[in-house]
Amino acid sequence: MSQCVDPIVGKILAGWRYDISGIAPEMCGDYDDHFAACEHCRSRQRLHRGIDIGLIALASLSAAIFLLAFGMIHYFEPRHTILLELVALAGFALSALIWLIVAVATPAPMVVVDAARIGARRVHDKLPEEIRQRLPEELRLRITGS
Ligand SMILES: [Zn+2]
């Protein structure tokens with residue numbers, strides 16, 4: 001694996017889990033430059049964002065499964081229905097809590113929003129000019145960012 005080109009900056013970035021979305025824009029420049037120059041930190045950043053999105057996906061899946069379990073218990077009414085329903089609801093609540101913590105504590109939602117915006121821009125750029133002109137001004141500003 002490649003080495004960091006500037007270990008001091010690399011260490012700071014590692015402490016932030018390679019997330020610079022929360023720092024002031026005027027400070028971002030230096031770190032953006034480092035990411036541009038340093039393959040090591042770039043790959044670490046991708047890895048950490050992958051983990052964040054993986055956690056969100058896992059928490060969503062887990063919440064969905066607990067909800068499904070609750071629905072099935074409610075429908076089939078096995079023995080100890082109330083107890084099982086409570087367990088399923090507790091599992092759902094825990095999954096929702098984990099989802100919320102990951103969404104608040106990591107930049108995963110911003111990564112997803114950025115990806116969606118890039119996708120929307122690509123679609124927008126392929127549209128014929130006359131259709132593009134019909135899009136509401138506000139929507140166009142949001143997609144193109146200018
Ligand atoms: Zn680096």
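Reader: Thanks! At what angle do the axes of helix H3 and helix H4 cross?
Author: The axes of H3 (residues 39–76) and H4 (residues 81–105) cross at roughly 160° and come within 8 Å. Angles over 145 degrees count as roughly antiparallel, so H3 is roughly antiparallel to H4. Axes here are lines fitted to C-alpha atoms, for helices over the stretch in contact, with angles from 0 to 180 degrees between N-to-C directions. Before we go on, this is a predicted model: local features need pLDDT of at least 70, side-chain atom pairs count only at pLDDT 80 or more, and totals for chains, interfaces and linings use all residues. Residues are numbered from 1 along each chain as its sequence is written.

Reader: Which residue classes make up the contact of H3 with H4?
Author: The contact of H3 with H4 has 18 nonpolar, six polar and two charged residues.

Reader: OK, what about Ala-88, buried or exposed?
Author: Ala-88 lies in helix H4, and Ala-88 counts as buried because it has 20 C-beta neighbours inside 10 Å. The cut-offs are 20 or more other C-beta atoms within 10 Å for buried, 12 or fewer for exposed, and partly exposed in between, with C-beta atoms placed from the backbone.

Reader: And which residues does Ala-88 touch?
Author: Not counting residues up to four places away in sequence, Ala-88 touches Phe-66, Ala-69, Phe-70 and Ile-73. Contact means that two C-beta atoms, placed from the backbone, lie within 7 Å.

Reader: Switching over, where is Glu-26, and is it buried or exposed?
Author: Glu-26 sits in helix H2 (residues 25–37). With 7 C-beta neighbours inside 10 Å, Glu-26 counts as exposed.

Reader: Zooming out, how many helices and strands does the protein chain have?
Author: There are seven helices and zero strands in the protein chain. Helices (H or I, at least four residues) and strands (E, at least two) are DSSP runs, numbered from the N terminus.

Reader: What radius of gyration does the protein chain have?
Author: The protein chain has 22 Å, whereas a compact globule of 146 residues would be near 15 Å. That radius is taken over C-alpha atoms, and the globule rule is 2.2 Å times the number of residues to the power 0.38.

Reader: What share of the residues count as buried?
Author: Of the 146 residues, 10% count as buried.

Notes: Angles under 35 degrees count as roughly parallel, over 145 as roughly antiparallel, 65 to 115 as roughly perpendicular and the rest as oblique. Ala, Val, Leu, Ile, Met, Phe, Trp, Tyr, Cys and Pro count as nonpolar, Asp, Glu, Lys and Arg as charged, and the others, Gly among them, as polar.
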